[in-house]
Amino acid sequence: MWSRSSSANARLGAVVALACGCGSSRSLPQPSPETVVPASGWNGADHAVEIRGRGFLAVAVRRLEGDSLDTDAHFRVWLGEQELSDVGYVDSRTLTARVPAGLPPGLVSLRVEAPDGATAVVPDAYQVFDE
């Protein structure tokens with residue numbers, strides 16, 4: 001089970017990609033979103049989507065008050081200016097989220113923010129249709 005650490009611990013703790021191993025000095029790869037599935041939706045109701053890509057890595061966070069490590073897989077996702085809700089980590093290539101009702105119609109960009117704050121944007125990734 002993935003646990004969400006407090007941002008204070010995440011910022012003050014050592015953040016290391018699980019894939020790189022604890023104690024590694026390599027920097028984390030930047031997330032690389034590629035597509036939203038489905039690639040379009042109506043703005044009259046909220047609905048679920050998958051975000052597919054590469055580099056969606058959970059990170060280990062060492063707590064300052066001990067030797068324990070927590071796992072942080074808290075990603076943030078936006079379509080245009082609207083942050084999506086219920087963002088879930090599936091694996092290093094897949095996230096899930098809920099698109100809220102009420103997005104303005106048109107093509108919108110996809111932005112993904114990793115637990116360490118690295119972001120990536122895909123322009124014109126999702127088409128919103130007016131109901």
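Guide: Strand E7 (residues 76-79) and E8 run antiparallel and are joined by 2 bridges. Within this pair, Trp 78 has Glu 83 in E8 as its bridge partner. Two strands are said to pair if DSSP finds at least two bridges between them. Strands (E, at least two residues) and helices (H or I, at least four residues) are DSSP runs, numbered from the N terminus.

The model is a predicted one, in which local features need pLDDT of at least 70 and side-chain atom pairs count only at pLDDT 80 or more, while totals for chains, interfaces and linings use all residues. Residues are numbered from 1 along each chain as its sequence is written, and side-chain values use heavy atoms, with hydrogens and water left out.

E7 and E8 belong to an open sheet of 5 strands with mixed pairing, ordered E3-E12-E11-E7-E8. Its edges are strand E3 (40-42) and strand E8 (82-83); each has a single partner strand, so one side of each lacks a neighbour in the sheet.

A further open sheet has 4 strands in the order E2-E4-E10-E9, paired antiparallel. Here strand E2 (32-37) and strand E9 (85-91) are at the edges, and because each has a single partner strand, one side of each is without a neighbour in the sheet. From one strand to the next, the twist averages 25° (axes are lines fitted to C-alpha atoms, and angles run from 0 to 180 degrees between N-to-C directions). In this sheet, E4 pairs with strand E10 (residues 94-99) in the antiparallel sense over 6 bridges, and Val 49 lies opposite Ala 97 in E10.

His 47 is part of strand E4 (residues 47-54). This histidine counts as buried because its relative accessibility is 18%, where buried means under 20% relative accessible area, exposed over 50% and partly exposed in between, with a 1.4 Å probe and protein chains only. Leaving aside residues up to four places away in sequence, His 47 touches Gly 41, Trp 42, Ala 97, Arg 98, Val 99 and Tyr 126, a contact being heavy atoms within 4.5 Å.

Of the 131 residues, 37% are buried. Among contacts with a separation of 6 or more, 62% link residues 24 or more positions apart.
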